[in-house]
Amino acid sequence: MSVFSKSQPSAQPRQVTILVSDLSTKGVGRWGGAVRTFLLAQALDRLGYRIQIVGSVFGELGTLPAPPHWQVVTVPGCPYPGYFRSIARLWPQITGDIIYAQKLKPSSYGLGLLKAIAHRRPVIVDIDDWELSWHGGDHYRYRLRPRKFLRDLLGKDGELRRPDHPLYLQAIESWAHHATAITVNTLALQQRFGGVLIPSGKDTALFDPDRFDPVAARSRQGWQDYKILMFPGATRPYKGVEDLLEALDQLNDPQIRLVIVGGSPYDDYDQQLQARWGRWLIYLPKQPASEMPGVVAAAHAVVVPQRDTPETRAQFPLKLTDGMAMGKPVIATRVGDIPQLLGDTGLLVEPSQPPQLAQAIRQVLDDPEQSGAIGRRARQRCIEHYSLEAMATGLHQILDRC
C-alpha cells in the first residue's frame, strides 16, 4: 500500500498533535504555510493522519494556513507565572495519539514530554534550529548573582519570566534523548542531537515553473527592465545580504535589482540596508505561501548568501528550495548543509566573499541557456529529495515505529 494512502491500518494512530511554542505572527505564523510546522502537517496529512496543531500565541495570532479538516487550538501566551495558566488551558487540548513537539523548547517539547509521561503516549521532538545558537551556543552561561536572579525571576520585565529563556533552553537540551524519536532538519543538528534527518519539503506541485511565464511575472510587478535577483525571507546580518549588496556595488550594473520578499520583522535592519544600498533594492511585503511561486517566477536567480555562523550552520534555508522548485539557478555560500542540498545544481561560493558573489551573478545573468539548465536540474533534485512526498516518506517510517 502506498504511504500516501488516506486509509491507514487500524493499528496506526489516527491523530498527531503538533505542539508549537508560539503561533503568533512573530513566531510560527510569521511565514504562514512556508514554515516547518505547516510543512510537517501537510506531509502528515498526506499520510492520512488527523492533524491537530496546539500552541500559545505571544502577540497577534494572524491568519494560519490551516484547512478546515485540521484542528487548531490556541491560548494566549504570557510571561511566568501567568504562563502556568496557559499550560493548564493547553493541557487537556493535547489529544493526539502521538505528540509531535516542534522545536526543542520548554513551551513545546517540555510540555509535550510531560504530557507523554502522564498519559503514556509517544512524543517526537522536531529540531529545525539550534535554539541556543542565538544566545552564544555552548558558550552561554547564566551568571547567577542573588540580586540579579531575584530581579530576573520576580521583576516586572524579569528575563527568567520568559517561557523560553536561554537558561531553560540549555536545560531542555539535556532532555532531548527522552523523546520517543527525534527528527532534525540538517546534518549539523543530527550530529549534535542524533535523530532522523527529515529535510523540509516543498509543495512542488504548487511551486511548478510550468504554471508561470517569467516575463509576464516581471511585467506584473513593473520589473520588466531589470535583471532580478531574489532573496525571499527575513533579512538578518548573518544571512549575508550585505555581502550580496557589496557584490552589486562591485558589478555596478544599473539593470540589476535585488528583490527582498518579507524583510526583517524584528528591527530596523531593512531601513539600514535601504539607507546604504537603496539604489539596488526592491522590497515586497510578506506574501501568502500560495502567492510565493508567482513571485519567485519573476526572478532570474535566487541568492542565499549565508555567512558562516553558529546560527546558519544549523539552518535549512527554505528560500533555497523556493528557487530549486521553481527551476531557478541558485547562488549560495558553502555554509552548513547548503552544498549537500544543492549538489551540482547551483553555484557555490565561499561565505563573506562579495567578489565571488559578483562573479557568480555575472555568470548566471550572462549565460541564460546554462542558467536554465542548472535550474531544471535543481527542480528535479528538489522533487526527488526535498518535496512533501519525500518528507512524508521519512515521517511514515518514524511514526510507524511509534
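1. Val 303 has Ile 331 as its bridge partner in β12. The two strands concerned, β11 (residues 301-304) and β12 (residues 330-333), run parallel and are joined by 3 bridges; strands count as paired if DSSP finds at least two bridges between them. Helices (H or I, at least four residues) and strands (E, at least two) are DSSP runs, numbered from the N terminus.

2. Before reading on, please keep in mind that this is a predicted model, in which local features need pLDDT of at least 70 and side-chain atom pairs count only at pLDDT 80 or more, while totals for chains, interfaces and linings use all residues. Residues are numbered from 1 along each chain as its sequence is written, and side-chain values use heavy atoms, with hydrogens and water left out.

3. The open sheet consists of 6 strands with parallel pairing, in the order β10-β9-β8-β11-β12-β13. Because β10 (281-284) and β13 (347-349) stand at the edges with a single partner strand each, one side of each is left without a neighbour in the sheet. Neighbouring strands are turned against each other by 25 degrees on average, direction ignored.

4. Helix α14 (residues 354-366) packs on this sheet and touches β8 (227-233), β9 (256-262), β11, β12 and β13, where contact means heavy atoms within 4.5 Å. The direction of α14 makes about 165 degrees with that of β13; axes are lines fitted to C-alpha atoms, for helices over the stretch in contact, and angles run from 0 to 180 degrees between N-to-C directions.

5. Which residues of helix α9 (residues 269-277) are buried? They are Tyr 269, Asp 270, Leu 273 and Trp 277, buried meaning under 20% relative accessible area and exposed over 50%, with partly exposed in between (1.4 Å probe, protein chains only). These residues cover an arc of only 100 degrees around the axis, so they lie on the same side of α9; the arc is that of the directions from the helix axis to the C-beta atoms. The face turned away from the buried side carries the exposed residues Gln 271 and Ala 275, and what covers the buried residues includes α8 (241-251) and β10.

6. Of the lining of the second largest pocket, the largest share, 4 residues, comes from α15, and α7 (214-221), α14 and α15 (368-385) each supply at least two residues.
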